[in-house]
Amino acid sequence: MNKIWEFFENMDEMVYVSDVESYELVYMNQKALDIYGIKSFEEVAGKPCHEVLQNCSTPCHLCNNHELKQGSFKEWLCFNPILDKQMMLKDTVVEEDGKTYRMEIAIDPGRQESRVSMQRSYENLEATINEGLRMALMQKTPSKTLEVLLEYMGKALGGERTYIFEKNEKGNDDNTYEWVASGVNPEKENLQDLPPEICANWYENFSIGKHIVIKELADIQEKDPLQYDILKRQNIHSLVVVPLYDDGEAIGFYGVDNPPKKSLAYASNMLQIMAHFIISSLRRRNLIRRLRDMSYRDQLTKIGNRHAMNEFIEQIKQENCLGIVYCDVTGLKRVNDSEGHEAGDRLIINSCGSLKQAFGDYGLFRIGGDELLAICTGMDEKDLWERTDQLKKDLKDKEIHMAVGAVWEKDSLSGIDKLISEAEKRMYQDKAEYYRSCGIERRKEI
C-alpha cells in the first residue's frame with residue numbers, strides 16, 4: 001500500500017517527510033529533489049532533515065514539531081539559507097505503521113513578495129544569532145567556542161568558508177580559525193604571516209568604521225590587484241568581512257566566503273552583531289593563555305618550569321627512545337654575591353641560550369635556580385651525543401661553565417624518573433671533574 005505522502009509525488013510544490021523523533025528524512029517528492037539538486041532520494045534517505053533542507057548540524061531552532069496536530073496544517077514563513085529565499089510552509093503530522101511523521105509542503109511565494117520575504121528573514125536573524133550563541137557557550141574552551149560559532153554561521157549563511165584573522169607580533173595577519181563546507185579546500189595553512197600590504201585597503205576601511213562586501217571579485221581587480229590575486233587563488237567570488245576591534249583598534253577581521261549573493265546584506269548584519277561576541281571570546285582565550293604561560297613558563301628564561309615538565313613527562317610514550325640532558329650553571333652563587341643578581345640572571349639566560357641552541361626543538365625546562373633540563377623524545381643516541389658536544393663547545397666559546405650530564409635509552413620502560421636521576425648523577429660527576437681541574441675544593445654551592 002502506498003504511503004499517504006506518495007500521492008504528492010507529481011505535485012508542483014516541494015513535499016518532504018521526516019520522522020518526528022529521529023528527524024530522519026523518509027521522503028522527498030520529485031520537485032523537492034530537483035530544487036535541491038539531488039539526483040535520487042537514496043542519496044539523502046535517513047539523513048537528518050535539518051542537515052539536508054537547512055544545512056544545519058542541529059535541529060532547526062524554529063522547528064515547530066511540538067505545535068503540529070494530525071488533520072490540520074500550520075502555515076508559516078521561513079527563510080531557507082540553501083535556497084536563498086523565503087518559503088511558505090504548510091506543516092502537519094501523519095501516522096503510518098504506528099509511527100508519527102512530519103509532512104511539509106514548501107511553496108515559493110514568488111518575486112512579488114520579495115519585500116515581505118526580506119523582512120521575515122531579518123525577523124529570523126535574532127533567533128538565529130541566539131541559537132548560535134547558545135551552542136557556542138556550551139563549549140569548554142574559548143577556542144572551541146570560536147570553532148563551533150564559525151561552523152554555525154557558515155552553515156546558517158550558506159557560505160563555503162568562515163574564518164578569523166588576527167594580527168601577530170610583527171603586525172602581519174594570521175588565519176587563526178577556519179571552518180570549511182564539505183568539498184571545499186582548507187586555506188588556513190596557506191594564510192599565515194601575510195604582509196600588511198595584502199589587506200592594507202581593508203584596514204583603511206576598518207579605520208573609519210567600514211566593513212568589506214565584495215559582490216563580484218572582478219570588481220576589485222583593477223583597484224586592488226594584490227588582494228584580487230589572493231582571493232582568486234582561493235576560488236572566492238564574493239565575501240563579507242567585518243573588522244574586530246579591541247579598544248578602538250582593528251586587531252583583525254573575520255568573515256564568510258561565497259555566501260549567496262542575494263543574502264549579502266543579511267550576512268553583513270549577522271557578522272557585525274556577532275563581532276562583539278567574537279572579540280569577547282578572543283579576550284577570554286588570551287587571558288587563559290597568559291595565565292597558563294605564567295603557570296607553566298619560567299619568566300626569566302622563557303622555557304618551561306617544573307609544572308610544565310611534569311605535564312610533558314605524562315605525555316611521553318614508554319616505547320619512544322629518550323635522551324635526558326641535566327645541566328647545572330656553575331658559579332651562580334658566586335656571581336650573585338659578588339656582581340649582583342642582575343649579573344646572575346644574565347648568566348642563567350646566556351647558559352639557557354646555549355641549551356636552546358643545541359636542544360631547542362625538544363622539551364626544555366628550568367627546574368631550579370641553577371638547574372636546567374632537556375628531555376628529548378624520539379632522539380637517536382648519536383644525535384644526543386653530537387648535540388651535547390655542541391652545547392659544551394658553545395658554552396666554552398661564551399666562557400661559561402655549565403656542568404652537563406646526559407643519558408640515552410632506547411625506551412623509557414625503566415621509568416623516566418630513573419633516567420633523570422642518572423643524568424643528574426652524571427652532571428655531578430662532570431661538576432666534580434671541573435672543580436678538580438681548576439683546583440677548587442668541592443662544595444655544594446659555588
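Let me begin with Lys302, which at 45% relative accessibility counts as partly exposed, because that class takes in values between the 20% limit for buried and the 50% limit for exposed. Please keep in mind that what you see is a predicted model. Lys302 sits in the loop between α7 and α8, the latter covering residues 306-314, and its phi is positive, at about 70 degrees, although the residue is not a glycine. Most residues other than glycine have a negative phi.

Asp247 belongs to the loop that runs between β9 (239-246) and β10 (249-257), and with a relative accessible area of 76% Asp247 is exposed.

Turning to helix α7, which spans residues 264-296 and includes Leu291, we find Leu291 partly exposed at 47% relative accessibility, and together with Leu287 and Met294 it makes a nonpolar surface patch of about 310 Å².

Finally, which residue in strand β4 do I want to show you? It is Thr92, in the strand formed by residues 85-96, and Thr92 counts as buried, at 3% relative accessibility. The side chain of Thr92 reaches the backbone oxygen of Ser72 at 2.7 Å, while the backbone oxygen of Lys69 lies 3.3 Å from a polar atom of that side chain. Beyond its neighbours within four places in sequence, Thr92 is in contact with several residues, among them Leu68, Phe73, Tyr101 and Met103.

Definitions and conventions: Residues are numbered from 1 along each chain as its sequence is written. This is a predicted model: local features need pLDDT of at least 70, side-chain atom pairs count only at pLDDT 80 or more; totals for chains, interfaces and linings use all residues. Side-chain values use heavy atoms; hydrogens and water are left out. Helices (H or I, at least four residues) and strands (E, at least two) are DSSP runs, numbered from the N terminus. Buried means under 20% relative accessible area, exposed over 50%, partly exposed in between (1.4 Å probe, protein chains only). A polar contact is a pair of N or O atoms within 3.5 Å; within protein, one must be able to donate a hydrogen and the other to accept it, and residues adjacent in sequence count only if both atoms are side-chain atoms. Contact means heavy atoms within 4.5 Å. Patches are made of residues with over 30% relative accessible area and no salt bridge: like charges are joined within 9 Å, nonpolar side chains (Val, Leu, Ile, Met, Phe, Trp, Tyr) within 5 Å. Accessible areas come from the Shrake-Rupley method with a 1.4 Å probe; for residues, only the protein chains shown count as cover. A salt bridge is a side-chain nitrogen of Lys or Arg within 4 Å of a carboxyl oxygen of Asp or Glu.
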